[in-house]
Amino acid sequence: MKDLQFARHRRLRSTDNMRALVRETHLHKEDLIYPIFIVEGENIKNEVPSMPGVYHLSLDLLNEEMAEVTDLGIKSVIVFGVPKEKDEVGTQAYHDHGIVQKAISQIKESFPELVVIADTCLCQYTNHGHCGIVEEGQVLNDPTLDLLARTAVSQARAGADIIAPSNMMDGFVAAIRHGLDENGFKHIPVMSYAVKYSSAFYGPFRDAAHSSPQFGDRKTYQMDPANRQEALREAESDIMEGADFLIVKPALSYLDIIRDVKNNFNVPVVAYNVSGEYSMIKAAAQNGWINEKEIVMEMLVSMKRAGVDLIITYFSKDVARWLNEN
Ligand code: PBG
């Protein structure tokens, strides 16, 4: 044993404080974006069955929820509307008094400091559940762009601080940027779901948002999980079209993609820690099979280590609470 030469890595792991000194990655409350689902009606707070701890909320209960969120130190929410009425062309998405527009203006009125992000898509609002206009079973690209721009402008008019288009039509950032600029919203940034895979991890969200496609799937517009080069092409075109942030979605199975995007672009990168990732942990935790807090913190720190600046997560309130305890 006497002459062995080797490195003593354990010197830097000896105590809590020593480990804290050499820790390379930190998760902050400022990193968290909390998703909320707003429904029409009154006095509604219904838990989404496949997402324990996530609720459908009506407007009259929204302020209470936002007070909790801001008290915890969370700086931003992303708002999803779940409308009662759906039609072929998703009219409620760009209606000036649609559920999401009402929710945004109510939040901004009562919590002006909170950064409100509007998810800009049509799938919750169309009766076929696709993210664009459908003709003869095809999701049409260019005709959908006008509706997306209208949706974004109506959300900005309601007071949204950031527009987050998620529908994966080609040119959606260009169309939205143009629409915002033409309507007096040059100052409103676009957080593009630039790299969005066609993923089974969205299953529980589609229960929450009532947005499952009624026929076919989203594979002609969302990305193939097997592709890596294509992620950089998607990110590049969105940057050229004017995106201010890039979202990678889902997160856990796509940490390599997050790192690629981070290494190649100099804008804030956002991970969407999606519904399926949430529900798997909740289900295992409810069975007593895992330690929820430790798993969640490890998962979110991994995303930051992979290169993200911000994380959209249903765990935001829990994480803020845990961070406040320390
Ligand atoms: C809308 C949209 C989806 C999600 C966010 N925005 C669903 C989809 O593309 O089917 C998924 C979020 C999640 O799973 O948590 N297009």
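I count two residues as in contact if their C-beta atoms, placed from the backbone, lie within 7 Å.

**Ground rules.** I am looking at a predicted model, where local features need pLDDT of at least 70, side-chain atom pairs count only at pLDDT 80 or more, and totals for chains, interfaces and linings use all residues. Residues are numbered from 1 along each chain as its sequence is written.

**Y278.** I looked up Y278 and found this residue in helix α9, residues 275-286. (Helices are DSSP runs of H or I, at least four residues, and strands are runs of E, at least two, numbered from the N terminus.) Is Y278 buried or exposed? Y278 is buried, because 23 other C-beta atoms lie within 10 Å; the cut-off is 20 or more for buried, 12 or fewer for exposed, and partly exposed in between, with C-beta atoms placed from the backbone. Leaving aside neighbours within four places in sequence, I see Y278 in contact with M51, N273, Y314 and F315. M51 and Y278 are 227 residues apart in sequence, yet 7.3 Å apart in space, C-alpha to C-alpha.

**The core.** Next I checked the largest nonpolar core, which has 95 residues. Such a core is a set of buried Ala, Val, Leu, Ile, Met, Phe, Trp, Tyr and Cys residues joined through C-beta atoms within 7 Å. V79, L246, V248 and V270 touch the most other members. Helix α4 (residues 142-158) gives the most to this core, 8 residues. Beyond four places in sequence, V270 has contacts that include M191, F245 and V308.

**Whole protein.** I noted 11 helices and 12 strands. Buried residues make up 43% of the 326 residues.
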